[in-house]
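Visitor: I would like to learn how to read a structure of this kind. Please take me through it one feature at a time.

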Amino acid sequence: MDHPIKRDHARFRKIIKGKIRDNLRKYVSQGEMPIPKGNGQFKVPMPQIDTPRFRFGDKSQGGSGQGEGQPGDSVDGQPGEGQPGQGEAGEGEGNKELEVDLSLDELAHILGEELALPKIEPKGKKNMQSTVDKYTSIGTVGPDSLKHYKRTYKEALKRQISMGTYNPKNPIIVPIKSDMRYRSSTSKIEFENSAVVIYMMDVSGSMGDEQKEIVRTESFWINLWLKSQYKDIEIRYIIHDASAKEVDEDTFFRTRESGGTLISSALKLCRDIIKSDYNSDEWNIYPFHFSDGDNWSTEDTKLCLDILDNEIIPHSNVFCYGQVESRYGSGQFYKDLAARYGEENDNVILSKIKNKDAILESIKDFLGKGN
Amino acid sequence: MERTKPITGELRELRDEVEGYAREFGLTYFPVVFEVCDYDTVCILAAQGGFPTRYPHWRFGMDYDQLSKGNTYGFQKIYELVINTDPCYAYLLSSNRFVDQKLVMAHVYGHADFFYNNAWFKSTNKKMMDVMANHGTKIRRYMDRIGQDKVENFIDIILSFENLLDTNVLFLDPSYQVREGVVEEDDEEFDKRSSVLRSFMNSKLDKRNAPVAKKVEDDESTLKSIDKKVRGTRDIMKFLMDYAPITEWQADIIGILREEAYYFLPQRMTKIMNEGWASYWHSKILTERALRDSEVIDFADVHSGVMAMSPKSINPYKIGVELFRDIEYRWNTGKFGKDYLECTNLFEKENWNKETNLGREKIFEVRRSHNDITFIDEFFTEEFCQRQKLFTYKFNPRTGRNEIDSRDFKEIKTKLLSQLTNFGSPIIEVESANFQNRGELLLRHVHQGVDLDINYASQTMANVHKVWKRPVSIVTVVEDVEHVYSFDGKEFKQVNLKL
């Protein structure tokens, strides 16, 4: 049996998850993102939940320390240089941060619950088949390791009662060979859903750091949700100003280019990627485009709509356009898209992201339809 | 599944050897039982304050989570764990090297001697292992009956007052730390007596256990007499347990938590001495007796890690062991008393040696009768302060950093003492249990130079209110001006009151 502390631990995890849910809005809008740890776990920083007590104010108090230095020298030093002896923290030793590990599913579950996101229904035949053995039925032959004791016992009991050899006063049940029951498997065909997310971001001069931060945060949470919904997911990144190129994740969020904006360049590249790598019969395709809405010319916008209509939207589950408000952007592209597809369209979702506080709403816009 | 195992084989031989040295040096203690366990178990035990069985509460789970992570990431390691009981249980980590076990054993005998001899530990219950297990059973039973959430939430509230203790209680009769047994089962769902009979019997119950709120209506003079009785009490947990309008199981839980808080109190009051004493003995026993040539480097490595100084806090191990060594040196050379203190010749003073050789005797005496405050107050000298390169630091709002403030001896000593006063917690007293003649509670923070953290105070007050169920106020000093803060169940605000 597990030590009872595991139950305390489970209680603690439950409380923590509640706190994360309560603070989700804050996490999202302040860009305090869970840090992926590489093994499917995420590290969520949060202030330690301590019991409120009467205690001394921190800063006015100061303290005493030991070591070299002149008055006026900083003592803050490198964090984590504590005493390696016994790790018992004294009171007033400053704020310790609690690090909480959550799995992707747990995090996605919290997000889904907070935003009331529906489960995504994979479209049409966009499935890959695989056979899975599931132990759901009972057989009369099998290896001992799969013996079903309860069912075996029941069979033996039935047999003994019907044969009149069962004595309630001395209830001994002896199963014989024909009573044995085993768990047995049936092969099932499962549909594996795979999806690809193609992010496109406008990195022209008008997209500042704040705008990129918003895109970064938003795409993190979108990825999180989609990853929890699809077994298999690929993510591609495209940046563009007047020309587009495919980049890795790191570059995607860090690059700052300048210059003009030709949105069509990104859409063209997106189209090419879909064409060459993702057969839309097998893949659920999610193109996301983030921009401040400034396009170089109406000419180019026309070209964009063309590509969207004929080559991207027909292949995609949904095309998402997020417009990040910036001081320089005119926001014209949103209007153009809205004029063409309307605010309510099953295949095109448009969302305006005013500032960091609006991220969560925008995520809901994108994912709230479940397609 | 047994998680700990008694020591066998070479560890047992080692124990016998180390114990031999401990006796040779004159350490005295309850029998020490060493057990071996793996790291996970040490984390569990450490999270539970050293005890194998505690009541269920999420915070043990939190501590366990942090401790086991600390180990996984490699920035923290628990070396030793010893608890103040008879026999004294100590845990050895199975993965430790032989030389580590040697060090830990010697260290543990130091702690065991301290637990056994120090005056502040005299009233602690040496059968705490059983008491903790009983508390676990009791609280689990309440949880089964009343609901886990309800009970756990109440424990959360009461833990807010865990530091509102009166150190003098340690010197009263030990039974004073324990709540007298009242009928354990007394809640309504399980009471088979008729309601009429029950209310009749309740009215006959001892007045002490009856809720105060009721008395407000029917007996004002009682309230006044309570008020007189509790004025100035610092044992806030006992006060709430006796006089707050709470049910029997709630009072019982306060009693349980209070008993455990008092059990741990002496350890909080003697952290520096206790660790210093144990470190003094592990280094003495190892360097003078137990260490083999091949182990010297490993020992030095571990020992220096434990003694590492930090610019932001005082390492109790380091200060403690250095102070004990300093005392021993001073009493060996006669550097104490009137003659020495009044000597004005610096050269003479520096080379003072009367060969009094009272050092060993003196440190044994000190470990018997002092706690951290008196220890620092009496033996923390200017020479020592300079030698240890101590300083005070302060937060500089201009640079946003903590900066070294002063290396002045007096200031450092004052700061150290103020950090240790009342085991580092603010002193809170009951000023009135019938404040404004309305059955409200008025607390007073006995201000000794450092302000309260008002944010924390407001949340704590909210918790007091949940138990007292009437408005709660506190008198405190903020930036040199006396203020009264009040929580009436809805909001926390500063009020202007003529007291």
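**Reading the contacts**

Guide: B:Lys389 forms a salt bridge with A:Glu68, and their closest N and O atoms are 2.7 Å apart. A salt bridge here is a side-chain nitrogen of Lys or Arg within 4 Å of a carboxyl oxygen of Asp or Glu. This is a predicted model, in which local features need pLDDT of at least 70 and side-chain atom pairs count only at pLDDT 80 or more, while totals for chains, interfaces and linings use all residues. Residues are numbered from 1 along each chain as its sequence is written, chains are lettered from A and ligands numbered from 1 in the order in which they are written, and side-chain values use heavy atoms, with hydrogens and water left out.

Visitor: How many salt bridges are counted between chain A and chain B?

Guide: The count is 6 salt bridges between chain A and chain B.

Visitor: How do I read the size of an interface?

Guide: The size is often given as the accessible area lost when the parts come together. Here buried area is the accessible area (1.4 Å probe) that two parts lose on being put together, summed over both. Chain A and chain B bury about 6,000 Å² between them, with 52% of it on carbon and sulfur atoms. A:Phe54, A:Gln66 and A:Val75 supply 16% of the area that chain A buries against chain B, more than any other three residues. In terms of contact (heavy atoms within 4.5 Å), 48 residues of chain A meet 82 residues of chain B.

Visitor: How do I read a pair of aromatic rings?

Guide: Such a pair is described by the distance of the centres and the angle of the planes. Rings of Phe, Tyr and Trp (its six-membered ring) pair if their centres lie within 6.5 Å; planes under 30 degrees apart count as stacked, over 60 as edge-to-face and the rest as tilted. The structure holds 42 aromatic pairs over all chains. In one of them, B:Phe154 and B:Trp249 have ring centres 5.5 Å apart and planes at 65 degrees, so the pair is edge-to-face. B:Phe154 is in helix α6 (residues 148–159) of chain B and B:Trp249 in helix α11 (residues 248–269) of chain B, 95 residues apart. Helices (H or I, at least four residues) and strands (E, at least two) are DSSP runs, numbered from the N terminus.

Visitor: Are B:Phe154 and B:Trp249 buried or exposed?

Guide: Both B:Phe154 and B:Trp249 are buried. Buried means under 20% relative accessible area, exposed over 50%, and partly exposed in between (1.4 Å probe, protein chains only).

Visitor: What about B:Trp331 and B:Phe379?

Guide: B:Trp331 and B:Phe379 are also edge-to-face, at 5.9 Å centre to centre and 75 degrees between the planes. B:Trp331 is in helix α14 (residues 316–333) of chain B and B:Phe379 in helix α18 (residues 372–379) of chain B, so the pair ties together parts 48 residues apart in sequence. B:Trp331 has 11% relative accessibility and counts as buried; B:Phe379 is buried too, with a relative accessible area of 1%. Both belong to a cluster linked by ring pairs, including B:Trp277, B:Tyr280 and B:Phe324.

Visitor: Which residue lies over the face of B:Trp352?

Guide: B:Lys354 does, at 4.3 Å from the ring centre. A charge sits over a ring if NZ of Lys or CZ of Arg is within 6 Å of the ring centre and within 35 degrees of the ring normal. In chain A, A:Lys352 lies over the face of A:Tyr334, at 4.7 Å from the ring centre.
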